[in-house]
Amino acid sequence: MSSFDLVVVGAGPGGYVCAIRAAQLGLKTALIDKRHALGGTCLNVGCIPSKALLESSEVFENARLHAAEHGVKLADVALDLETMLARKNGIVKELTDGVGMLMKKNKVTVLQGRGTLTGPGKVTVTGDSGDTEVEAKHICLAMGSEPVQLPFLPFDGELVVSSTEALDFAKVPKKMVVIGAGAVGLELGSVWRRLGADVTVIEMLPTITPFADKQMAKTLQRALAGQGLEFRLSSKVTAGKVLKKSVKLTVEDDKGESEEVSCDKVLVAVGRRPYSDGAGLDSVGLEVDAQGRVVVDDDLRTNVDGIWAIGDLVRGPMLAHKAEDEGMAVAESIAGGAGHVNYDAIPNVVYTEPELAMVGRTDAELKEAGIAFNAGRFQFRANGRAKSLGQQDGMVKILADKETDRVLGVHMVGPRVSELIAEAVVTMEYGGSAEDLARSCHAHPTLSE
Ligand code: FAD
C-alpha cells in the first residue's frame with residue numbers, strides 16, 4: 001500500500017491547489033479524482049467554459065449590433081456555433097492538461113478513480129484499473145458540489161438541463177427559460193440570448209443576484225432587460241410537464257396568480273449542493289450539517305483527526321478562488337505554517353455585460369450590524385474610458401467606516417469590473433482606507449480612476 005503525508009480527494013481548484021502547495025512545502029502528496037481530466041467543476045464544466053462562451057457570444061453581439069456605432073460595417077454576420085463550442089472545448093483542454101503538467105512538475109501522484117474513506121487515514125481509489133488502497137497521515141476532502149434539481153422537474157439532460165448541458169447545446173434554443181437569477185443563470189441566459197434565443201429568467205425572490213447590493217442588482221437587471229432578457233421576479237415555477245420537444249411550466253407570481261409558460265429548453269440554475277456520494281464519510285464518523293456540508297472549524301479541520309475539508313463541500317460561498325485559498329491554507333497548516341483565509345475579502349463576480357463585482361459587506365449588512373459608514377458613488381456614464389468603450393451602464397459604490405475610513409465593502413456594476421474589484425480586495429486585505437484608494441494615482445483615462 002502506498003503511503004502519503006497528504007491525500008487530496010477531488011481535483012477541483014480547491015484540491016489541486018492544495019496538492020501543489022503541499023508538495024511545494026515538502027509533503028509527499030497524492031491527488032484523486034474520478035474524472036479523467038483534472039480541474040474539477042471549475043475548469044471542466046464551470047468557470048472556464050462559461051467564460052469562454054460569454055466572450056464568444058459577446059464578440060457575436062458586438063459584431064451584429066455595435067460595430068456599426070464605431071463606423072465599422074460588417075456584412076453577413078453569422079453564427080458558427082460548432083466553432084464557438086470547439087474553441088471553448090479547446091480552452092478547457094489546454095487548462096486541464098496544464099493542471100496535469102503542474103502535478104508532474106510538483107511531483108504530486110495523480111490517481112484516477114473515486115476515492116472512498118475506508119477507515120482512519122485510509123482511502124480506496126476505485127478507478128478504470130480497479131481498486132487501489134492508499135494510506136495518509138492527512139486527508140483533505142475537496143469533492144465539490146453538484147447542481148440542485150427541482151423535485152417536480154428532474155434533469156433529463158435534453159429539455160430540462162443543468163449548467164453542464166447548457167454549455168453544450170448543439171443548436172440555439174428558440175425559447176429558453178432559466179430558473180434562478182444567480183450568477184450561473186444570468187451568465188448562461190446571456191450567452192444564449194446573445195446567440196439568438198428568446199430567454200426568460202424566472203426568480204422566486206424580488207431581486208436578481210440576491211447576494212448583491214440591492215442598488216447594483218437593480219442596475220444590472222435594468223441593463224440586462226434592455227438587452228432583451230425577460231425577467232419574472234417574485235415568481236415561482238410550481239410544476240413542469242415535459243412533452244416530446246418542449247416543456248410546459250406553471251409559473252405562480254406573488255399574488256398567487258399562475259400562468260403556463262412553454263419553452264424548448266429549461267435551465268434549472270437554482271443552486272448547487274455539496275457532493276459527497278460514495279465518499280464513505282460515515283465510515284469514519286464525519287460530521288455533516290443539514291445542507292450536506294462537511295462541518296469544519298475556522299482552520300478547516302473536520303471533527304475527525306487528520307481529515308480536513310475545503311471548497312464547495314464546506315460552508316461559505318461556492319466560488320473557485322475561495323476553494324483555492326482554503327486549499328492553500330490547509331496545505332500550509334499541515335506543513336506547520338499558519339494557514340489562513342480572510343473571508344471578509346473574497347470577491348464575487350457575475351460575468352454578464354455589464355459585469356457585477358463585489359467584495360465585503362453591503363449597506364444592508366452594515367446597517368444590520370449597527371456599523372456607521374460613508375458611501376461614495378460614481379456612475380460609469382461620467383467616465384471617459386467607459387464612454388470610449390461604449391459601455392456606460394453601471395456604477396461603483398464604496399462603503400467606508402464613518403470613523404476610521406477603513407473600506408468595508410465595494411460594489412460595482414460596469415465594464416470589466418471583474419478586474420477592477422481586485423484593487424478593492426487588495427485595499428481591504430491591507431486594511432486600507434477610502435482615502436488611500438483616492439490618493440493612489442490612477443492612469444487616465446481608465447475605468448479604475
Ligand atoms: P469542484 O471544482 O467541484 O471539484 C471537485 C472534484 O472532485 C470534481 O472534479 C469531482 O469529480 C471530484 N470528486 C467528487 N467526489 C469524488 C470522489 N469521491 N473521489 C474522487 N473525486 C471526486 N466560481 C467562480 O469563482 N467563478 C466563476 O466564474 C464560476 N463560474 C461557474 C460557472 C458554472 C456554470 C458553474 C457550475 C460553477 C461556477 N463557479 C464559479 C463555481 C466553481 O466552479 C466552484 O465553486 C468550484 O469549482 C469549487 O471547487 P472545489 O474544488 O470545491 O470543487
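**Legends to close-up views of a predicted protein model**

**View 1. Contacts across the whole protein chain.** In this predicted model, residues 24 or more positions apart account for 62% of the contacts in the protein chain that have a separation of 6 or more. The chain has twelve helices and 22 strands. Its radius of gyration is 23 Å, close to the 22 Å that the globule rule gives for 449 residues, so the chain is as compact as a globular protein of that length. Along the principal axes, the C-alpha atoms fill a box of roughly 65 × 60 × 45 Å. Buried residues make up 49% of the 449 residues.

**View 2. The largest nonpolar core.** In soluble globular proteins, nonpolar side chains tend to be buried together. The largest nonpolar core of this chain has 57 residues, and Leu-117 and Leu-141 have the most contacts inside it. Helix 1 (residues 13-24) gives the most to this core, with seven residues. Beyond residues up to four places away in sequence, Leu-141 touches several others, including Val-9, Leu-117, Leu-281, Trp-308 and Leu-313.

**View 3. The second core.** A separate core of 37 residues includes Met-216, Ala-217, Leu-267 and Met-395.

**View 4. The surroundings of Ser-162.** Ser-162 lies in the loop between strand 8 (160-161) and helix 5 (163-166). With a relative accessible area of 5%, Ser-162 is buried, because this value is under 20%. Leaving aside neighbours within four places in sequence, Ser-162 is in contact with Pro-147, Phe-155, Leu-267 and Val-268.

**View 5. Two cis peptide bonds.** Most residues other than glycine have a negative phi, and most peptide bonds are trans. A cis peptide bond, with omega of about 0 degrees, joins Glu-353 and Pro-354. Pro-354 is found in the loop between strand 18 (348-350) and strand 19 (355-360). Another cis peptide bond joins His-444 and Pro-445, with omega of about -5 degrees. Pro-445 lies in the segment after helix 12 (434-439).

**View 6. Two residues with positive phi.** Lys-107, a residue other than glycine, has a positive phi near 60 degrees. Lys-107 lies in the loop between helix 4 (81-105) and strand 3 (109-112). The relative accessibility of Lys-107 is 69%, so this residue counts as exposed. Leu-300 also has a positive phi, near 70 degrees, and is found in the loop between strand 16 (272-274) and strand 17 (307-309). Leu-300 is buried, with a relative accessible area of 1%.

Definitions and conventions
Residues are numbered from 1 along each chain as its sequence is written. This is a predicted model: local features need pLDDT of at least 70, side-chain atom pairs count only at pLDDT 80 or more; totals for chains, interfaces and linings use all residues. Side-chain values use heavy atoms; hydrogens and water are left out. Helices (H or I, at least four residues) and strands (E, at least two) are DSSP runs, numbered from the N terminus. The radius of gyration is taken over C-alpha atoms; the globule rule is 2.2 Å times the number of residues to the power 0.38. Buried means under 20% relative accessible area, exposed over 50%, partly exposed in between (1.4 Å probe, protein chains only). Contact means heavy atoms within 4.5 Å. A nonpolar core is a set of buried Ala, Val, Leu, Ile, Met, Phe, Trp, Tyr and Cys residues joined through side-chain atoms within 4.5 Å.
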